Amino acid sequence: MATTLRKPPVADPATAGGSRPRTGARRYWHLYAAISPFYLLFLCFGLIPVGFSLYVSLHRWDGLGSMEWAGLSQYQYLLGDSDFWTAVGNTIVIWALATFPMIFLAMVTAVMLNSAVRLKNLYRFAYFLPNVTSVVAIAIIFGSVFSTNFGLVNALLQAVGLDQVAWLNTPWGIKIAVATLMTWQWTGYNAIIFLAGLQTIPGELYEAARMDGAGPVQTFFRITLPMMRPVLLFVLVVSTVTGLQSFSEPQVLLQTTSNDSTFAGGPGHAGQTMVLYFFQQTFDNNDFGYGAAVAWGVFLVVVLFSIINWRLVQRRGED
Amino acid sequence: MRLSRRGLLRAGLAGTAATTLGGLATGCAVPTGSTGRNMVLWYWDGGLGDTVVKKAKARYGDSVDLQAIKIGGYYRSKLMTTMTGRSHIPDIAGLKGEDMASYLPNADQFVDLRTLGAERYRSRYLAWKWDQGIADDGSMVGFPIDCGPVAHYYQYGVFRKAGLPYDPDDVSAELNTWEKFFTAGERLKKRIPGTYLLSDVNMVFENVVQQGDRRYVDKDRHFIGDEQHVRDAWALAVEAKRRGIVSDLVAGTPDQLSAVQDGKLPSQLNASWATNDIKSGVPRTKGRWRVAQMPVRPSNNGGSFLAVTKACREPERAFQIITWLLDAANQAQGFVDAGLFPSTPASYTLGALREPDPFFGGQITMDVFGPAAQRVEVAYNSPFDVALGQPLKDEIKNVGVLGKDPRKAWNDAMRKCRRIATHLGVSH
């Protein structure tokens, strides 16, 4: 990161001999102007709202009336709010339950796609399809799949002689259902990314391995997996960012038709993720100040995970 | 044509500058409310009868262009954002009943309808509904659209088979206390195994709380969710669970719908608008349903309002349109169009509302809902009710669904409520 900052925008040697040295901003203003749509839009719809949310988090506000200065009390309350920490725990558990099986399945799928002889493109298209399907539609289908008496999952369990599980009524059932939905949605997408990675591995490596008498399993663990590490890390980082912000999946899967809050995340808040909790505080309770503080709490958790990810990437760079 | 790099850059720059300047220019000129002859009305799908809105456009077309806009998605947050942003605020805004608590403390953003002569119309509307549109400072924010009297929907054949009262009048008369209701539930389960009177414990808890004239926070910003009326509701919900008359189905899942269809869940305590949900959710149960009064006394669930915002340039005209849209004849039309239950008792005797309903075996459901609507008692609607009711609803659900110890659940709910109350500046 430091390398990108090291070069100060000094005058180009070619023009340095001129009468007046032009600074970077002057020399490159038209370039900046050309890319200005991005940063103007980012300023409007990114930076200003971010700054405003920080401002709101220092106030008490019902979203309509006047704001009342609250100092850091919203953050103080956040630290001791057991519901927030439950939501953090739920998010991480659901993320882990979704991501690790997803990466495994995506890798297996990619290896199989890579060796598929016929209908390659059809398979790729089919595996990508879940990712472009509306989450709401998927969640409604999964609600049926995981329903207690008529669900597909319980029908399978009973077919092999096991008991029914009330998936959407037990804390672990809820987490597994949400995680399964996310796994199903993202496996194909990541398989395509893995496939791209697989195709960059030179064939000579496999040939050499075969000549040395390596079997397919050994080849996979000794060649494919190490060569795929950067792609694996990329997938992990992207999954972390999306997984920590999961919202629609539990919201649609666990909403009920009764008067209940749609952001509660099922019995015992078992499926209430951080972002759902943020919505509940802001839009159910009209507590915009605290909602903004929760949003910053979410931000800090994501930053923490990003640092962990970054460290993993860095270590790779030092090898 | 050859495009040089310099040319491209210039074009890009000019475009950006034009966009920015244009944005700035319009930014300075964004009107607070509507413009020209427009009279903008915001509502949501099913919030007003379509026929009535269409007629209003024609009727007032000489003086204003009534722009009735259906706002999709999360209605309240969109209205609040627009009002806070102070641009393009609608002249007339629909306000949902469950959101009223959050609008009323900000009554200064709306025109006080009393100043436009609302008092003249008061006697034509349900008194409790009228009062729900009035803020603490006495100013009138919302003009009544519809209401949602809660009644007891049940399946005639199942009740009959279980040896329970099955005629609507008998059900109203004989299941008129929670004790008798629960006893009926036990008999139902005994006679037809696998059949439950209640789908979940929250149905009991929330209906009992809604029946009362007090909820979780009172007018003096004091937490009353630990008092007898809530303890009673809690105890009844726990008792329903203990007596085994509550199913373990989740509302809205295919499991629940199929249980309703098979008569395993033959009863619901639900608002008048649930009629449409039942008709569309389990169409095959046509003819099997009847409606009776719920135990103890009717409660209300839902129902909305129309308000005139401060940005409105012609409040008198807006008020004129509102009172016409919501008079007894048009409310009857709203019931026909969108199932909006009228807040004008004069509508209840009109022919359109007294049609026998084949879905309910030819019953005239107005005979139940009409009297129910007039006997409703409502509680003070505090802006803190949602936040301080949620822990209780969560914990009673934990008792019902997860089998949590009721005593522990109550203590956990109280601990959370006290914490939230302190945070929100509600005394306890």
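Predicted model: local features only at pLDDT ≥ 70, side-chain atom pairs only at ≥ 80, totals over all residues.
Colleague: Which residues of chain A does UniProt list for "transmembrane region", and how much of residues 125-152 is helix?
Modeller: The unreviewed UniProt entry lists residues 29-56, 92-113, 125-152, 172-196 and 288-308 of chain A. In the model, residues 92-113 are 100% helix and 0% strand, with the end C-alpha atoms 30 Å apart.

Colleague: Which helix of chain B gives the most to the side that touches chain A?
Modeller: The contact draws 36 residues from chain B and 35 residues from chain A. On the side of chain B, α1 (5-29), α3 (75-85), α9 (201-211), α11 (254-261) and α16 (385-402) each supply at least two residues. By class, that side of chain B has 14 nonpolar, 16 polar and six charged residues. With nine residues, the helix that gives the most is α16(B).

Colleague: In what order do the five strands of the open sheet in chain B run, and which are the edge strands?
Modeller: The pairing in this sheet is mixed, and the order is β2-β1-β3-β9-β4. Two strands pair on one side only, and these edge strands are β2 (65-70) and β4 (143-144) of chain B.

Colleague: What is the bridge partner of Leu41(B) in β3(B), and which helix packs on the sheet?
Modeller: Strands β1 (residues 38-43) and β3 of chain B run parallel and are joined by two bridges. In β3(B), Leu41(B) has Ile92(B) as its bridge partner. The helix on the sheet touches β1, β2, β3, β4 and β9 (305-308) of chain B, its direction makes about 165° with that of β9(B), and it is α13 (residues 315-325) of chain B.

Colleague: Why are α2(B) and α14(B) oblique to each other?
Modeller: Helices α2 (residues 50-59) and α14 (residues 328-338) of chain B have axes 7 Å apart and pack at an angle of about 135°. The contact is made by Asp50(B), Thr51(B) and Val52(B) of α2(B) with Asn330(B), Gln333(B), Gly334(B) and Asp337(B) of α14(B). By class this gives one nonpolar, four polar and two charged residues. Roughly antiparallel would need an angle over 145 degrees and roughly perpendicular one of 65 to 115, so the pair is oblique.

Colleague: Where in chain B is Arg86(B), and why does it count as partly exposed?
Modeller: Most residues other than glycine have a negative phi. Arg86(B) has a positive phi, near 55°, and lies in the loop between α3 and β3 (92-95) of chain B. Because it has 13 C-beta neighbours inside 10 Å, Arg86(B) counts as partly exposed.

Technical notes:
Residues numbered from 1 in each chain as written. Chains lettered and ligands numbered in written order. Contact = placed C-beta atoms within 7 Å. Helix = DSSP H or I, 4+ residues; strand = E, 2+ residues; numbered from the N terminus. Nonpolar A, V, L, I, M, F, W, Y, C, P; charged D, E, K, R; others polar. Buried ≥ 20, exposed ≤ 12 C-beta atoms within 10 Å, placed from the backbone. UniProt positions renumbered as here; feature names shortened; annotations may be inferred. Axes fitted to C-alpha atoms, helices over the stretch in contact; angles between N-to-C directions. Parallel < 35°, antiparallel > 145°, perpendicular 65-115°, else oblique. Pairing = 2+ DSSP bridges.
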